[in-house]
Amino acid sequence: MTSRLTSEELAGEFANATADEVVNAAVAAKLAFPQYAQIVPEQKASFLDATAGELLSLGDELLERAHHESGLPIARLTGERGRTCGQLKMFAQLVRDGTWQDVRIDAADSTRTPPKPELRRLLVPIGPVAVFGASNFPLAFSVAGGDTASALAAGCPVIVKAHPAHPGTSELAAQAILAAAQKTGMPDGAFSMVHGGAEQGMALALRPEIYAVGFTGSKAAGRALFDVAAVRSRPIPVFAEMGSVNPVFLLQGALEERGETVAKGYAESLTLGVGQFCTNPGVVVGLRSAAFERFLDLVAGHLAEVSPGTMLTCQIEERYRESVEAWSRHHLLRPIAPHRGTSTPALFATSGASFLCDPDLAEEVFGPAAVAVECESEEEMLRVAEALEGQLTATIHMAEADGRAAEKLVPVLTRVAGRIVFNGFPTGVEVSPAMQHGGPYPASTDSRFTSVGTAAILRFARPVAFQNAPENLLPEALR
């Protein structure tokens, strides 16, 4: 593999897993599941804490490798490593306190007719999980990222399919997890990793030993995994987060009050990480007015000052260039900030009516490009909101004078998006118990769940009720 920064060959050879190696990993996970699922919470929490420690002990080696493989700055990767370790420690604490198991106990009542039985209910691990690393977060949404941490916390063995864009980074992270597993006495097969592409990924998702899939990436790949999992003889859930255009709605009072500030913030959000975030704000909506035109001019000015950045892969950069060139030729779009080549940002504008008649304008372009939608009225703005497919986020910028318009907009966006942001920007996803990172399809394949925050563990658990069970046969949490 070559460096995204210098085009020099990087050390290490990483062979795609053979069919037998995929089978062996899946069988090992199945054999480990009964033992790993029963490990006491403190030991499991120690494993997660130890994994965070092993990642930190890799020091600059991990950051430098990720830097060369992804082109992401060292400062960004340092923060991402902190987030990765923080997630692991967060789930360790969740395992210790046990609240994620959602224990429910109903006492028996023999005097009732018919008699009421005693019922005790809790969540248990679903089984071995296949996790697919993401291209844009080589640490936090990859081998030791949130999907892996939450599945391991639930008591599920994990097999990671490393992303081919950063195999060396993946290998280092996998070795850290395996070292932590050995130090804390985890069973063989509780964690493993395979290298490969679509062929290995599909083979893994089809293995009968796998009970769920965690995925972050494109809609095409996520949907392909979802479809394959659905036609198995025993279908399994695929929890795929597939990105969105994350619309930003600018209400008139906010534009007139602080248009310059909002324009600067929007340009920064659009170009953050060369636009390679699933929460990138690719659509901005406002009323046709002098204030909105002024906003677009200000954004264009900020974008003109942005230098080209290194995108994650050559393929992503090429797709971005092709998509922006197609927009440049689109008869319903006019350029506001023209594309200047390679990975530079671009902004186009269209009318609300045109946006509504061409669904392709609402398709995500992975990179720092956006479409501005100029609406003739608040009613048309609502129609634009109602026409949107499922989103990870939707943002409203409002002032006190915009209260009535916001009251109409919020219920519509609540139906469309998993997170509603007020007077801010969607890039930046806080890792916390209250975070929702997921949304109606195609933002994700199951809008009931999140891939960020403590609630992410619920993807990899299922409920079991015990009726009139002898206490010595109950799980510890139900006694």
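Q: Which residues of the largest nonpolar core touch the most other members?
A: A nonpolar core is a set of buried Ala, Val, Leu, Ile, Met, Phe, Trp, Tyr and Cys residues joined through side-chain atoms within 4.5 Å; buried means under 20% relative accessible area, exposed over 50%, and partly exposed in between (1.4 Å probe, protein chains only). In soluble globular proteins, nonpolar side chains tend to be buried together. Here the largest core has 50 residues, and Phe91 and Phe460 touch the most other members. A second, separate core of 42 residues includes Leu251 and Phe348.

Q: On what basis are these values given?
A: The model is predicted: local features need pLDDT of at least 70, side-chain atom pairs count only at pLDDT 80 or more, and totals for chains, interfaces and linings use all residues. Residues are numbered from 1 along each chain as its sequence is written, and side-chain values use heavy atoms, leaving out hydrogens and water.

Q: How many salt bridges does the structure hold?
A: A salt bridge is a side-chain nitrogen of Lys or Arg within 4 Å of a carboxyl oxygen of Asp or Glu. The structure holds 24. In one of them, Asp147 pairs with Arg459, with the closest N and O atoms 2.8 Å apart. These two residues lie 312 residues apart in the chain, and both are buried.

Q: Are Lys264 and Glu268 buried or partly exposed?
A: Lys264 is partly exposed at 42% relative accessible area, and Glu268 is likewise partly exposed at 44%. Their side chains form a salt bridge of 2.5 Å, N to O.

Conventions:
Helices (H or I, at least four residues) and strands (E, at least two) are DSSP runs, numbered from the N terminus.
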